[in-house]
Amino acid sequence: AFSIPLTAFAFLGGALAIGIGFGSQNILNNFISGIILLIERPIRVGDQIEVDGIGGTVVNIGARCTRLMTFSNIDHLIPNSKLLENKVINLTFVDTVIRTTISVGVAYGSDLRKVFQLIKKAVDDHGLINKRPEPFVTLTDFGDNALLFEVRFWITLSGKVNRLIVESDVRHRIYHLFEEAGIVMAYPQRDIHLDTQKPLDIRLL
């Protein structure tokens with residue numbers, strides 16, 4: 001009636017459809033990913049996960065993103081598509097019991113039997129470390145500057161048990177037990193040899 005060609009509407013409609021399609025691609029991708037997460041449940045509310053170097057507890061799984069509360073009490077909103085496309089470590093997917101390891105180096109010449117006993121005591125005295133499986137200590141290597149030991153133990157993750165705090169407690173205990181027993185925790189050392197043509201001129205200022 002107004003002599004406007006219908007091809008103009010077709011062109012504008014096509015451009016609008018393409019724009020909406022590209023704009024809603026990520027939204028639709030995250031929405032479908034959210035449905036997959038809710039159906040397959042590889043991640044559940046309350047699980048402790050690590051994704052892209054961020055670790056925390058899953059608080060909510062929404063239609064577009066998942067809310068992750070870190071151990072620093074910081075909320076991270078992670079798009080659902082990232083949880084399917086990227087590598088995700090779920091620490092509590094099958095079992096809440098995990099194994100953790102603490103390393104310590106002592107000076108050469110230390111009483112190895114005493115070192116074993118003190119490290120084991122530091123772990124056994126902690127009330128949040130599981131008795132079964134039993135913790136064990138190993139001499140892992142002869143390092144450049146120290147004898148390297150590792151202690152492996154198991155803890156049950158929960159809202160009240162934080163792996164980082166338990167590991168810190170054990171390190172504190174090991175340090176104080178070593179200090180009382182006179183065992184030196186080694187630190188890097190280097191010998192420097194100077195190849196000079198004449199004695200060094202040293203002045204005390």
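This tour moves through the structure one selection at a time and says what is found at each stop.

The model is predicted, so local features need pLDDT of at least 70 and side-chain atom pairs count only at pLDDT 80 or more, while totals for chains, interfaces and linings use all residues. Residues are numbered from 1 along each chain as its sequence is written, and side-chain values use heavy atoms, with hydrogens and water left out.

**Helix 2**

Begin by selecting residues 25–40, which form helix 2; helices here are DSSP runs of H or I with at least four residues, strands are runs of E with at least two, and both are numbered from the N terminus. Then pick Leu28, Phe31, Ile32, Ile35, Ile36, Ile39 and Leu84, which together make a nonpolar surface patch of about 620 Å². Patches are made of residues with over 30% relative accessible area and no salt bridge, with nonpolar side chains (Val, Leu, Ile, Met, Phe, Trp, Tyr) joined within 5 Å and like charges within 9 Å; accessible areas come from the Shrake-Rupley method with a 1.4 Å probe, and for residues only the protein chains shown count as cover. Helix 2 gives the most to this patch, with six residues.

Isoleucine 32 lies in helix 2 and counts as partly exposed because its relative accessibility is 42%, where buried means under 20% relative accessible area, exposed over 50%, and partly exposed in between (1.4 Å probe, protein chains only). Asparagine 30 also has its place in helix 2, but it counts as buried, because its relative accessibility is 8%. Leaving aside residues up to four places away in sequence, asparagine 30 touches Ala63, Arg64, Pro79, Asn80 and Ser81, a contact being heavy atoms within 4.5 Å.

**Salt bridges**

Next, turn to the charged side chains: the whole structure holds nine salt bridges, each a side-chain nitrogen of Lys or Arg within 4 Å of a carboxyl oxygen of Asp or Glu. Select arginine 44 and aspartate 47, whose side chains meet at 3.3 Å, N to O; arginine 44 is partly exposed at 26%, whereas aspartate 47 is buried at 6%.

Move on to arginine 67 and aspartate 75, a salt bridge with its closest N and O atoms 3.2 Å apart. Arginine 67 is partly exposed at 31%, and aspartate 75 is partly exposed at 39%.

Finally, select aspartate 201 and arginine 203, where the closest N and O atoms of the salt bridge are 3.5 Å apart. Aspartate 201 is exposed at 61%, and arginine 203 is exposed at 65%.
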